[in-house]
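Biologist: Could you walk me through this protein? I'd like to know where the labels come from.

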Amino acid sequence: MCPSDCSKRLSKVVAYIGLGANLGDPVMTIESARSAVSRIADVRELAFSSLYRSTPMGPADQPDYVNAVMAVETTLAPLALLRELQIIETAYGRVRTGERWGPRTLDLDLLLYGDETIVSDVLTVPHPGIADREFVLYPLAEIAPDLDIPGRGPLADLVSKCPQRGLKVIEHA
């Protein structure tokens, strides 16, 4: 088996990616980023949630976020997939300032990678905040309602314990 830091795996795995943006035209950004993720070599889109509007977790003096979750099938190793996601973020003007929960042109989070648990200096999977974030749990439940989150249990249980906090589906063309 290939170690998690090499570029390819021997078999396909399903990964879940959280998408978020709140600067510029976030709806257009998320839709465009979806296409960009689908164009990564060795990545194939399996499902994409509705778009959701959510209030920011961090400073209140920023616009609401637009969020979605995407399921992909890939043969990329976790760190290789993360690198590709960060390349896309940079192409969309993402600047990593170290500020947590600040405004973003685009945020792509590797939420889950198969049933693996990964803890390293650069990647933690499942995503550390997955169980508390309505803007992740509800879109994830929309596309994978029977999912079991490694170390956290059934997704349905997590959703039932997480209030929507103003999360709304965005109706768009």
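Modeller: Let's go through the labels one at a time. This is a predicted model, where local features need pLDDT of at least 70, side-chain atom pairs count only at pLDDT 80 or more, and totals for chains, interfaces and linings use all residues. Residues are numbered from 1 along each chain as its sequence is written, and side-chain values use heavy atoms, with hydrogens and water left out.

Biologist: What makes residues 26-38 count as helix 1?

Modeller: Helices are DSSP runs of H or I with at least four residues, while strands are E runs of at least two, numbered from the N terminus. Helix 1 has 13 residues, so it meets that cut-off.

Biologist: How do you know that its reach is close to what's expected?

Modeller: The expected span is 1.5 Å times one less than the number of residues. For helix 1 that comes to 18 Å, and the first and last C-alpha are 18 Å apart.

Biologist: What makes strand 2 and strand 4 a pair?

Modeller: Two strands pair if DSSP finds at least two bridges between them. Strands 2 and 4 have 5, antiparallel, so they pair. R44 stands opposite E73 in strand 4.

Biologist: And what about strand 3 and strand 4?

Modeller: They have 3 bridges, also antiparallel, so they pair too. Here R53 stands opposite V66.
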